[in-house]
Amino acid sequence: MRLLIFGPPGVGKGTQAKLLAVEYGIPHISTGDTLRKAVAEGTELGKQAKAIMDSGRLVPDGIMIGIAREVLTAPTAARGFILDGFPRTIAQAEALTGMFQQLGFTDVRVVVLEVSDDEIVRRLSSRYVCTNDGKIYSALIDKVTLATPCPQCGGKLIQRDDDRESTVRERLRVYHSQTAPIIRFYNERGATITVDGGRSVEDVNREIRQKLQDKVQAHQHP
Ligand code: AMP
């Protein structure tokens, strides 16, 4: 299974991608996680990316295409993957199409999660992440605060710098102007399934798997 997952920041892409990775036995590749790891490790890439990420803008295409090429040509991605956070611009989408052609990946499917901008702002301003195991919690659903230890490992919970409201609004603006046209690009090729991301994690996951299965069957029996 080769999947791309799209949706505005905070729609639950990472959560769903992690579940699908386990369910289909494929690696979850998140370009945002790759960048956050580089920032935490203080690498040259991390130093370049930090200020851009904190402002809600996009890291330059050249850097991101290099990262994507590296992860997609790795042996771990040979039998399938779920790619989360890439492509985000038309230039990245075109580069990805080239990589897929080169690698002979023809069965790529695209999951699009939708939810309103107001719901995104409400969700992200209450999203906390564990600095130790990376698990994500919601103050609204999990009843945690910044003073609560991580319910799984006891680590410290923090708010991501780019989850502040002003940054979230900028990330939404960038998403609508730069990333939404890519979804139209995949839509025109009949590769997408669209799911309402405003429901529970379990309901969204169930619908994604159902729609992916329907799509595979439709493909096999046109
Ligand atoms: P995410 O966790 O996917 O929302 O990514 C967090 C931030 O990392 C984004 O707001 C961007 O600044 C940067 N980023 C992640 N993936 C990309 C990408 N494909 N192109 C450009 N910037 C990216």
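## Arginine 127

Arginine 127 belongs to strand S5 (residues 127–130), strands being DSSP runs of E with at least two residues and helices runs of H or I with at least four, numbered from the N terminus. This is a predicted model, in which local features need pLDDT of at least 70 and side-chain atom pairs count only at pLDDT 80 or more, while totals for chains, interfaces and linings use all residues. Residues are numbered from 1 along each chain as its sequence is written, and side-chain values use heavy atoms, with hydrogens and water left out.

Arginine 127 counts as buried because its relative accessibility is 15%, where buried means under 20% relative accessible area, exposed over 50% and partly exposed in between (1.4 Å probe, protein chains only). Among the residues that arginine 127 touches, leaving aside those up to four places away in sequence, are Gly10, Tyr137 and Asp163, contact meaning heavy atoms within 4.5 Å.

## Helix H4

Met64, Ile65, Ile67, Ala68 and Leu72 are buried in H4. They lie on the same side of H4 because they cover an arc of only 160° around the axis, the arc being that of the directions from the helix axis to the C-beta atoms. Gly62 and Glu70 are exposed on the face turned away from this buried side.

## Nonpolar cores

The largest nonpolar core has 32 residues, of which Leu4, Leu96 and Tyr186 touch the most other members; such a core is a set of buried Ala, Val, Leu, Ile, Met, Phe, Trp, Tyr and Cys residues joined through side-chain atoms within 4.5 Å. A second, separate core of 21 residues includes Ile5 and Val111.
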